[in-house]
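Biologist: Let us read this model together. Please start with the ligand.

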Amino acid sequence: MHDNPLLEGLDRDRRAPPCVLVVYGASGDLTSRKIMPAIERLHRQRQLPGAFAVVGTARTEMDDDDFQKACLRSVPDAAAGWDELVKGFRYVAGDYTATETFDRLKEVLAEVDEQRGTSGNRVHYLATVPSLFDDIARALGREGMHEPRFDGSFVRIVCEKPYGRDLASARELDDAMHSAFAEDQIYRIDHYLGKETVQNTLALRFANSFFEPLWSRQHIDHVQVTVAESVGVGTRAGFYETAGALRDIVQNHVLQVLAVCAMEPPATLDATGVRDEKVKALRAIRPWDPVDVVDHVVRAQYDSGWAEGEQVKGYRSEQGVDPSSTTETYVALKLEIDNWRWAGVPFYVRTGKRLPKRVTEVAFTLKAVPHLPFTTRDSRGLSPNALVLRIQPDEGITLRFGAKVPGGSFEVRDVLMDFSYGASFLQDTPDAYERLLLDAMVGDPTLFIRTDEVEQAWQICDPILEAWNDPSYPVATYEAGSWGPKEADLLLQRDGRRWRTP
Ligand code: BG6
């Protein structure tokens, strides 16, 4: 328990209740890369109950033994006791449109309840390709698997992103979900909300009196959100060609981070308090009219170049990519938030693959002082103050301000004051999936996205997608390993600003 109710809910000394995690898409990449390692870490930290099991399901033909071996392979340096735990994991092969798959699942789940004492509690985790989410949700409803098996047991469903391809398909998916599950059973995941540094934004803003008085149009000139990746599309061209950076990153991760930065202080940090304020912030973001999109949004693709120390191909030459593809690997856009706090403060967003490095940050640039009493020469190394939330990889917060250069003159220039997570807290930062899986098992939806937030985020992205449907909408290019196309620089230059170099 915390004395400060605002910190309630950030308690990490929690343990999951007895339950079964049912993973759909259990033979896939997400299961081996993220879900299994997260479960192992929860096991390592004794946050899993004794009565716990995973039941995996997918189309791939495997038996329990094959699945258990795959789980062991996913976590090479596992903690003691992991092998024992994995021995209780089960697998059901089958098609999600076939009733037999779910009949078999029910049998296996009943056996697990019997053998492991998991009390009928279920967390269904949809880690498949998104096109299967509807089928699985509806099948769970048809088969009665959305309902608690016993009085007092719980059933929840965790849904991966992307949640729909646009507003209409997100609503269809929601209909499928709600045909079986109540909203409070649905946990829509956005792993950025599980990142410690995104949560720390709440602590920075609402546990301190330094920052909040500055956090508005009175003092902030503009905000830049950067989600940069050095990797290319890799082996995910099949998925990426149908998604693109706007759907893959902006609609979810960027808008969620932005909502956390722009929202009003919630009265409490519980699910309703936080999500009500986030959705209000999202509602205040002005969706561009499709005809104005071209003035505010740049879409681009990487061309060949150098990245991560090697010569790399351009997007259109990547395996599995249509050589005439218009799918964007980069988006830069300007957003305006129409409310009292932010009116007139532009939020510039950029995200892309094959940028010079992997870095996510939110930078608040403050207004310049009204009058500089220094000579132009003495103050040429001075920029406006800035507060940078470094979300990854070097997690922390930087303040940039001016200081006098030692010596006889009155030269002032920028200096940095750094808070670094690694140096201040010696324990390991939990991985986003670890936090979110535990929250889903515990039943805390605060860091999951509510249906109205999803809809609002699509309201912002839909007009952009509509404008891009026009074949004459430009697709700019940028050299792999550069900070993006010149069109993105122009977007800021028009406002007399420039992108930071993170
Ligand atoms: C995923 C996207 O949601 O986020 C990927 O589908 C992207 O394309 C990834 O690479 C980035 O996540 P992180 O945690 O590495 O910043």
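Modeller: A polar side-chain atom of R358 lies 3.0 Å from an oxygen atom of the ligand. A polar contact is a pair of N or O atoms within 3.5 Å. This is a predicted model, where local features need pLDDT of at least 70, side-chain atom pairs count only at pLDDT 80 or more, and totals for chains, interfaces and linings use all residues. Residues are numbered from 1 along each chain as its sequence is written, and side-chain values use heavy atoms, with hydrogens and water left out.

Biologist: How far from a ligand oxygen are the polar side-chain atoms of D248 and K353?

Modeller: For D248 the distance is 2.6 Å. For K353 it is 2.9 Å.

Biologist: How much of the ligand's accessible area does the protein cover?

Modeller: Accessible areas come from the Shrake-Rupley method with a 1.4 Å probe. On its own the ligand has 400 Å², and the protein covers 82% of that.

Biologist: Which residues surround the ligand?

Modeller: A residue counts as near if one of its heavy atoms lies within 4 Å. The ligand is surrounded by K161, H191, Y192, K195, E229, R236, D248, H253, K353, R358 and Q392. This shell divides into 1 nonpolar, 3 polar and 7 charged residues. Here Asp, Glu, Lys and Arg count as charged, Tyr is among the nonpolar types, and Gly is among the polar ones.

Biologist: How do I read a peptide bond or a phi angle?

Modeller: Most peptide bonds are trans, and most residues other than glycine have a negative phi. The bond from K161 to P162 is cis, with omega near -5 degrees. P162 lies in the loop between strand 5 (155–159) and helix 6 (167–180). Helices (H or I, at least four residues) and strands (E, at least two) are DSSP runs, numbered from the N terminus. The bond from Q392 to P393 is also cis, with omega near 0 degrees. P393 is in the loop between strand 13 (386–392) and strand 14 (396–404).

Biologist: What is the phi of E308?

Modeller: E308 is not a glycine, yet its phi is positive, about 50 degrees. E308 sits in the loop between strand 8 (297–307) and strand 9 (310–312).

How values were computed
Polar contact = N/O pair within 3.5 Å; in protein donor to acceptor, adjacent residues only side chain to side chain.
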